[in-house]
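This briefing concerns a predicted model.

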Amino acid sequence: MRGWRWTGLGVLLLTVQSVMAASTVFTYRAAETALDSRNHYDIALLQLALDETRHAYGDYQLQVSPSMNATRSMQELEKGSYPNFIVKQSYNPDFERRGMLRGGYDVDLGVIGYRVCFTRPALLPELARLTSLEEWKHYVYGQGSGWMDVEILKYNGFQVMEVPLYKNLFPMAAKGRFDLFCRGINEISAEWSEAQPQGLVLEPNVMLYYDLPRFFYANPRDAKALRRVEEGIRLAVADGSLLALWKQYYLPSLAGLGTEKRRLFRLVNPVVGSLQWADKQLVFDPLSGSFHDREP
């Protein structure tokens, strides 16, 4: 009887090991700080895409990378440091020139391109008197190193201070090291716990916009993994689960921003002119609060 138990246990262990071996390991990027929740939607979307394709591709396991900023994440992706490392980044043709693979669907549905700005309270009366985009270019804007926003803002004539560590942007803005820290409207509620203790406030009257599509990127050796994720995203778009996930994670941040009443200044993203947009790319319009397919 005892021998039977050990035999049964051995079979069970072999079965568990076989299941684990059959699972595909995917790696997602860790947050930069304990309070950094910017990647929560990305992780949930990755899991949704993998769940949507489980029947066709089999089981999977998710593992987290070490904490890293945007620049290092692309360096590690290029080196192939982690198995099936899937990283969401703003579109940058340089990534593809360096050999990295890009998915085809803008997973944030365009919302990240609408920007409102954290600033220090003392600057609000002065900002309230501004009437033109040219006047807004007289101020210094803080952005993270390696963010596509840096190139876009500089191209449009803005002064930019690049900061290597995301967590340092909030205290530096509060201390006047730069004047404005502009964030996607979908990021505000998640970042309020960082901004408010520093004494930062939101500028209430203006919203900037520039095309800032964000895609999943992968190392060329992980082409099959990226194809699976993209297929899962398409399925999630078709059955409505992607839109439901987007609303769950991003809609709360829009409450109270008054996006429909803000003066909108449009900037040019110089690198998206030749970008081939996905068919039936869903985008969000905060001025009307509606979703629609992006026009070619």
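Which residues line the largest cavity? They are Glu32, Asn69, Ala70, Gly144, Ser145, Trp147, Val163, Pro164, Leu165 and Tyr166. Because the model is predicted, local features are described where pLDDT is at least 70.

**Cavities**
- Three cavities of 30 Å³ or more are counted.
- The largest cavity holds about 40 Å³ of space.
- Its lining comprises six nonpolar, three polar and one charged residues.

**Helix 4**
- Helix 4 spans residues 70-79, and its buried residues are Ala70, Ser73, Met74, Glu76 and Leu77. These residues lie on the same side of helix 4, because the arc they cover around the axis is only 160°.
- The packing partners of these buried residues are strand 1 (24-30), strand 3 (85-90), helix 5 (93-97) and strand 11 (214-218).
- Gly80 follows helix 4 and has a positive phi, near 70°.

**Asn92**
- The loop between strand 3 and helix 5 contains Asn92.
- Asn92 counts as buried because its relative accessibility is 16%, and the cut-off for buried is under 20%.
- A polar atom of the Asn92 side chain lies 2.9 Å from the backbone nitrogen of Asp94.
- When neighbours within four places in sequence are left aside, Asn92 is in contact with Met148 and Tyr217.

**Largest pocket**
- The volume of the largest pocket is about 800 Å³. Its lining is made up of 46 residues, of which Arg29, Arg38, Lys88, Gln89 and Arg214 are the closest to the centre.
- Two or more lining residues come from each of strand 1, helix 2 (40-52), helix 4, strand 3, helix 8 (148-155), helix 10 (188-195), strand 11 and helix 12 (241-254).
- By class, 19 nonpolar, 12 polar and 15 charged residues line the largest pocket.

**Second largest pocket**
- The second largest pocket contains about 220 Å³ of space.
- Its lining consists of Gly110, Tyr114, Tyr209, Asp211, Arg266, Val283, Phe284, Asp285, Leu287, His292, Arg294 and Glu295.
- Strand 13 (residues 282-285) supplies the largest share of this lining, three residues.
- The lining of the second largest pocket has five nonpolar, two polar and five charged residues.

Conventions:
Residues are numbered from 1 along each chain as its sequence is written. This is a predicted model: local features need pLDDT of at least 70, side-chain atom pairs count only at pLDDT 80 or more; totals for chains, interfaces and linings use all residues. Side-chain values use heavy atoms; hydrogens and water are left out. Buried means under 20% relative accessible area, exposed over 50%, partly exposed in between (1.4 Å probe, protein chains only). Helices (H or I, at least four residues) and strands (E, at least two) are DSSP runs, numbered from the N terminus. The arc is that of the directions from the helix axis to the C-beta atoms. Contact means heavy atoms within 4.5 Å. On a 1 Å grid over the protein atoms alone, a cavity is a set of points where a 1.4 Å probe fits but cannot get out, and a pocket is an open set with protein on both sides within 12 Å along at least five of seven lines; lining residues have an atom within 4 Å of a point. Grid points are joined across faces, edges and corners, and a volume is the space filled by probe spheres set on the points. Ala, Val, Leu, Ile, Met, Phe, Trp, Tyr, Cys and Pro count as nonpolar, Asp, Glu, Lys and Arg as charged, and the others, Gly among them, as polar. A polar contact is a pair of N or O atoms within 3.5 Å; within protein, one must be able to donate a hydrogen and the other to accept it, and residues adjacent in sequence count only if both atoms are side-chain atoms.
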